[in-house]
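Subject: Structure for you to look at

Hi,

Here is the structure I promised. Please open it next to this note, and my findings follow below.

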Amino acid sequence: MTNKMMFGVLITVIGLVFAAFSYMYAVMNPWNWNGIDGLLGSFLGTGTLIPFVIGLIVMTVGLVICYRETYPKGK
């Protein structure tokens, strides 16, 4: 495994853990945000929507790095 691949895996795991903790926190604390119920209301009420989205973006970037290292264009 190359260094870039390991970096991609590490970034993916960090993003996954960050998003998972944000998701679990929102699920464990139900909230009604101005009439918005459910998961979106919990994300908005607990203030974890932006960290959840950031975690998903970081995880996606890590997956893209892993993909580009696994399937290089020029080889």
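Helices α1 and α3 are roughly antiparallel to each other (angles over 145 degrees count as roughly antiparallel, under 35 as roughly parallel, 65 to 115 as roughly perpendicular and the rest as oblique). Their axes cross at roughly 160° and come within 7 Å. α1 covers residues 3-28, and α3 covers residues 49-70. Axes here are lines fitted to C-alpha atoms, for helices over the stretch in contact, with angles from 0 to 180 degrees between N-to-C directions. The helices are DSSP runs (H or I, at least four residues), numbered from the N terminus. The crossing of α1 and α3 is left-handed, meaning that the near helix is turned anticlockwise from the far one by less than a right angle. The residues of this contact are 16 nonpolar, 7 polar and 2 charged. Nonpolar covers Ala, Val, Leu, Ile, Met, Phe, Trp, Tyr, Cys and Pro; charged covers Asp, Glu, Lys and Arg; the others, Gly among them, are polar.

A word on the source. This is a predicted model, where local features need pLDDT of at least 70 and side-chain atom pairs count only at pLDDT 80 or more, while totals for chains, interfaces and linings use all residues. Residues are numbered from 1 along each chain as its sequence is written, and side-chain values use heavy atoms, with hydrogens and water left out.

Next, α1 with α2. Their axes lie 8 Å apart, at an angle of about 100°. That makes α1 roughly perpendicular to α2. From α1, the contact (heavy atoms within 4.5 Å) uses Ser22, Tyr23, Tyr25, Ala26 and Val27. From α2, Leu39, Ser42, Phe43 and Thr46 take part. The residues of this contact divide into 6 nonpolar, 3 polar and no charged.

Which residues of α2 are buried? They are Gly41, Ser42, Phe43, Gly45 and Thr46. Buried means under 20% relative accessible area, exposed means over 50%, and partly exposed is in between (1.4 Å probe, protein chains only). These buried residues pack against α1 and α3.

Now the stretch after α2. Gly47 follows α2 and has a positive phi, near 75°. Thr48 sits in the loop between α2 (38-46) and α3. Thr48 is buried, at 9% relative accessible area. The Thr48 side chain makes a polar contact with the side chain of Thr46, at 3.0 Å. A polar contact is a pair of N or O atoms within 3.5 Å; within protein, one must be able to donate a hydrogen and the other to accept it, and residues adjacent in sequence count only if both atoms are side-chain atoms. Leaving aside neighbours within four places in sequence, Thr48 touches Ser22, Tyr25, Ala26, Ser42 and Phe43.

Leu49 lies in α3. Leu49 is partly exposed, at 27% relative accessibility. Leaving aside neighbours within four places in sequence, Leu49 is in contact with Leu40, Phe43 and Leu44. Leu49 and Ser22 are 27 residues apart in sequence, yet 7.7 Å apart in space, C-alpha to C-alpha.

Two asparagines to finish. Asn34 is in the loop between α1 and α2. Asn34 is exposed, at 73% relative accessibility. Phi of Asn34 is positive, near 50°, in a residue other than glycine. Asn3 is in α1 and is exposed, at 64%. The C-alpha atoms of Asn3 and Ile50 are separated by 30 Å, with the two residues 47 apart along the chain.

Best wishes
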